[in-house]
Amino acid sequence: MTTSMKTTAGVHDLARNDRTRINDLLGEIERETADMGAWFTQARANEELLHATWDGQSEDGRKWSKNYGREVFPWEGCSDQRIRLIEEAIDEVSMLEVSAFFGAQLMAMAQEANDVDAAGRVQTLLNYEVKQRMRSELWREVNYASQWKNIFGHAILHTSWTTPWTMGRETMTEAELAEMVAEARSAEVAAMGGEVDEQTSAAIFEESAIMVAEELMDSGRGEFLMTVIRQRFPTLSEKRLRNVIKQLKAEGAAEFRVPVRLPGKPCVRALTPGVDAVYPAWVDCMEEAPWIAVRCRVSEPELRAKVVTEGWDEKFVDAMIEHGPSRVLEMGTLVRNLSAQVNRVFNRGARDTWRTRIETDATAFEYLHVFLKTVDEDGYPAMQEVVLHPDISKSEEEKGSGLVGLDRLRDYWMPGSCFVDVRREFKSRGLWDTRGVPEVVESEQWQRKAITDSLMDRTALLTRPPLKVNPRRLVSNKGQADVRPGGKVPNAPGDDTDWMQPPAMDGTPIEMDRVIGRRVANLIGLAHAELPPEKVAMHQRWQVTNFLTQMREVVLRILALDQQYMDPMQVSRVIGSGPLPFQITREEIQGQYDVALMFDVRTMDAEFVKKRWEAIEKAFSLDRTGVLNDVAVTRWILSSIDPNLADIAVPDVQAATAEEIEEEKAAVAMMASGVEPAMKEGGQNFRVRLQTMMQTIQVNPELMALYQQSGSFAKMVEARRQHFEFQLEQQQNAVIGRVGAAPALEG
C-alpha cells in the first residue's frame, strides 16, 4: 500500500481547538482511506481463499453452466470441490498461539531491588486479571487477533479501561431520611469543633426528624432534602430525586431505582486493519502512529447513555440521532466494486463477510474514536482523544464550528499508546506489507483442488463408465460423443458394444498431494511426518515466541490500567492484606515491573515431558551440594502439567512465610488457653516457627509471666521448642550427609 499523504501542520496542536483542526484531521483520515484500495482487494481475496469461495460455486460441489454462464469442462455436473487447506493451516497455527498464551506462566519481575517483595503480589494481580476476570474476553479477542493476523498479515489489539453500569433498587422511609439529615448535621458540628456525645446526637436526631416532617408537609420542591439524598445517592438525577420526595410526601416511604457504577476493569478489543482502524500507511508499528482512528458501532440506547456515562457532548449525540446511521469511513467506490461481484455461493455468510464488515447496518450508529499523540500544557507527551462523525463534525465556513462528542486529554499514558500491533511476518518494516497465510499458499490450495476434482471425476467415470456404441447410434446426440458418466462414445467399426475404460491410475496424484502437504507444512510451520522434527520444533518455537512477545505488550498495558484506575480496596481483595504493590504515578506506570510470558512448546509432547522429568530426578539424585532449589523446580514441574496448578500448590514464599507466622501465633494462643496444637513432621518452616513462638512470648508480658510459672503452658512450649529444634537438627544432618561437615559458623 502506498500513500502520498502528508501530515497537516496543526492537527496535533491543542491550542488550535477549532473547526479547522477537526477538518484537517478528517482530511488525513479520508486520504488514508482512499489509498487503501489495493490492500482491501488483497484482503478480500485472502478471505475468499480462507472460506474457499469463488464465482459460480454451487451448493452440491459441482460445476453447472447456469452458475458460470458458460459451458463447463469436462462435463456438466463435474466435480467443483471446496478445499480448505488454508483454513486448516490457519486454525492449527492459531490454536497453537492461543493455547500458548493461556498456558504460559505469567511472571512479574521488579526492575528495582526495593520492589522484589511486591512483585509477587503484582503477579497475583495479573494472574487474576488474565486467567479469571478477563479470561472469556481475552479468549474471544486473542482468538480474533490470531486469526486476523494469519489471514490478513497483521491485526491490532486496543486496551482501555471500561466502567460498566447497572441498575439497583433502593427503599427509603421518612425515619431513614431523618437519620441521614442527622448524620449530616452531626458532621457539621464536629467540623466546627463541637463535641457530639450521645445526648447531643439524640437532640440532633429529634430536630432532624421535625425538620424532615416540616419539609415534607411544605408544598415546595424540597430542595434541602434533595441535597441530603444526593449526598447518599450521587448518581440520582434531579427528576428521580423529585419523584423520591413526591413519594415520601404521599406515602412516607419511597422505592426507587439507582444507577450503580460497577468496579471498572481493563478491556481488550481486537481490530481489523483498514476496517476497524485507520492509521498512516508509513507507520511501521503502532508506537510510531501519530494518530489512530477507530471505527465504533453502537445502538441508539448506548449512544444516548454516553452523555452521562462517558461525558459526551449532548448536542453531538442529538445531532447523530437526528442524522441517523451512516458510514464514517468513505468507501463508496470500494463497496460498489465488491457489490458488483455476483458470487453464486450457497454459504452467504462466508461470501458476504468482508462486504458486510465495511458497510453500515440500518440500525447501528457509527462514530470515529481518534487517538492523537500530542503534548500537554507543560510540553510532556500526552494522548488526545476525539470522538467525531465526518458528516456532523466537519463544517464549512458558512456553517460555523462542527460538533464533536469528546475532545480532551486522556489521563492514561502508556509508551507506545494503548494499541499493540500483532504481525505475522518480519520481512518488511511496513505493517501493511506483511503477508497472510492465503497469499503464501494460495497456489497450493488450488493445486490440491485440481487433484481432488480429477480424482472425483475419475471415480465418477469408474462408477458410471461411458458406453461405447456404434457411431450410427449417436444420431440422437447430434453425432457428438458425450464423455461423461453414463454417456455414450463411438466404437470402432466391427467392435462389440462395451464400457469405456478410463486411463490407468498411477500414484502421481497421491504423491503430488503429499508433496503439497509437506510444502505447506514447511512454509507455515505445521507438524508433518515427512519434515525433520527439529525443523518443526524450531518453527513452532518461533511462532510461539513471536506471539507471546507481542501479547506481553498487552499484559503490560493491563497492568498499567490497573495501576491507574483500579480501586485500592479491590486490589487488596485480590492480593490479600498488606501494603499495595504500587502507587498511582506516571513514572511507575511507565515501568516499575516487567512481565514475562513463558511457554515451552515442547511441553505439548507427552513423551518429551516424561524424558525431562526423568532427567530432573537424575539431577536431584546426583546433587551432592544441595544447590538445587526444590521449590523452584517443583513449581516448574507443576506448571508444565497445568500453569494454574503451580500457583495453587506452590504459594509465594513471602505469602507462605506470613501464613506460617500467623499460624504459629495462633498456636501460642491455643497453648495459653490450655489446648496443645498438633506437631507436624514436615511441610513447615521450622526455623520461622521457632523464632515466632519465642518472640511472641517474649514481647507479651502476660505470656512471659505465664511461661515463668512453669505450669502446663511452659511444658507445652518446651515440648514444642524441642520438636522444632529436633526437626532443624534432622535437616542439618541431611546436609552433613551430603557435604560431610556442618557449617562452622552456623549457630
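Which residue forms a salt bridge with Lys 306? The partner is Glu 310, with the closest N and O atoms 2.9 Å apart. A salt bridge here is a side-chain nitrogen of Lys or Arg within 4 Å of a carboxyl oxygen of Asp or Glu. The model is predicted: local features need pLDDT of at least 70, side-chain atom pairs count only at pLDDT 80 or more, and totals for chains, interfaces and linings use all residues. Residues are numbered from 1 along each chain as its sequence is written, and side-chain values use heavy atoms, with hydrogens and water left out.

Lys 306 is buried, at a relative accessible area of 10%. Glu 310 is partly exposed, at 33%. Buried means under 20% relative accessible area, exposed over 50%, and partly exposed in between (1.4 Å probe, protein chains only). Salt bridges with shared partners also join Glu 660, Glu 663, Glu 664, Arg 689 and Arg 720 into one network.

In total, the structure holds 34 salt bridges. One of them pairs Asp 80 with Lys 449, again with closest N and O atoms 2.9 Å apart. Asp 80 lies in the loop between helix H3 (65–68) and helix H4 (85–103), and Lys 449 in helix H17 (residues 437–463), so the pair ties together parts that are 369 residues apart in sequence. Helices (H or I, at least four residues) and strands (E, at least two) are DSSP runs, numbered from the N terminus. Both Asp 80 and Lys 449 are buried. A further salt bridge joins the side chains of Arg 232 and Glu 183 at 3.5 Å, N to O. Arg 232 belongs to helix H9 (residues 223–232) and Glu 183 to helix H7 (residues 174–191), so this pair links parts 49 residues apart in sequence. Arg 232 is partly exposed, with a relative accessible area of 42%.

Strand pairing comes next. Two strands pair if DSSP finds at least two bridges between them. Strand E2 (residues 154–162) runs antiparallel to E5, and seven bridges join the two. In this pair, Ser 160 stands opposite Cys 267 in E5. Strand E5 (residues 265–271) is mostly covered, with five of its seven residues buried.

An open sheet of five strands has the order E6-E7-E8-E9-E10, with antiparallel pairing. Strand E6 (277–278) and strand E10 (406–409) stand at the edges with a single partner strand each, so one side of each is left without a neighbour in the sheet. E6 is joined to strand E7 (residues 291–298) by two bridges. Ala 277 stands opposite Val 294 in E7. Helix H11 (residues 300–309) packs on this sheet and touches E7 and strand E8 (365–375). Its direction makes about 120° with that of E7. H12 lies across E8 and strand E9 (381–388), at about 145° to E8. Contact means heavy atoms within 4.5 Å. Axes are lines fitted to C-alpha atoms, for helices over the stretch in contact, and angles run from 0 to 180 degrees between N-to-C directions.

Pro 325 lies in the loop between helix H12 (314–323) and helix H13 (332–339). At 34% relative accessibility, Pro 325 is partly exposed. The C-alpha atoms of Pro 325 and Thr 363 are separated by 6.3 Å, although the two residues are 38 residues apart along the chain.
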